[in-house]
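This short report walks through one model, beginning with a single residue and widening from there. Please keep the sequence and the structure in view while reading.

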Amino acid sequence: MEVDTSALDQEIANYEKQLRQLYHNKDTILSDIDSLDYEDKHYQRRKTDLENHLYKTYDKIEKAEELLVSAKAKKRSLLADKITGDNIYKALIFFDKLYAKMNEAEKREFLSQLVDNVQIYEERKEHKNLMFL
């Protein structure tokens, strides 16, 4: 079983690149604030403008971090599902060998993980062209 994570990998790479750019912007703004001339007649206005820009940059950083965490969680989930699918596939291939070596409790646990539910009918009922007993 192969799982294609290339789209998620690209999405993660894009968010990481965006975050690097935003962190660089933040550092530049902080440097600009530090280098303002206190005696400049427009000092307060310039400082306020830079602080507003910095605040907006922090909002963008927060949003990009949330999107990055979400994308990484999606990838982990997708890979975890693949691992579970692989384990089930392997268990089914070697079912007879595994089952023969298990004690009763292990057999019950193993089967309960493989089978969600069982429905038993006293008479045959037709359901979507399938017959159930």
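The model is a predicted one, in which local features need pLDDT of at least 70 and side-chain atom pairs count only at pLDDT 80 or more, whereas totals for chains, interfaces and linings use all residues. Residues are numbered from 1 along each chain as its sequence is written, and side-chain values use heavy atoms, with hydrogens and water left out.

D9 forms a salt bridge with K75, and the closest N and O atoms are 2.6 Å apart; the term stands for a side-chain nitrogen of Lys or Arg within 4 Å of a carboxyl oxygen of Asp or Glu. Because K75 lies in helix α2 and D9 in helix α1, the pair ties together parts that are 66 residues apart in sequence. Helices here are DSSP runs (H or I, at least four residues), numbered from the N terminus. K75 is also partly exposed, at 23% relative accessibility.

## Other salt bridges

The count of salt bridges comes to five. One of them joins the side chains of K72 and E16, at 3.8 Å from N to O, and this pair links helix α2, which holds K72, with helix α1, which holds E16, across 56 residues. Another is formed by R46 and D40, whose closest N and O atoms are 2.5 Å apart; R46 is partly exposed, with a relative accessible area of 43%, and D40 is partly exposed as well, with 21%.

## The nonpolar cores

The largest nonpolar core has eight residues, namely I12, Y15, L19, L22, I61, A64, L68 and A71. Such a core is a set of buried Ala, Val, Leu, Ile, Met, Phe, Trp, Tyr and Cys residues joined through side-chain atoms within 4.5 Å. Helices α1 (6-34) and α2 each supply at least two residues of this core. A second, separate core has six residues, among them I33, L36, L50 and L54.

## Helix α1 along its length

Helix α1 has 29 residues and reaches 42 Å from its first C-alpha to its last, close to the 42 Å expected at 1.5 Å a residue, where the expected span is 1.5 Å times one less than the number of residues. Its buried residues are L8, I12, Y15, L19, L22, K26, I29 and I33. An α-helix has 3.6 residues a turn, so residues three or four places apart point the same way.

Key: Buried < 20%, exposed > 50% of the residue type's maximum accessible area, 1.4 Å probe, protein only.
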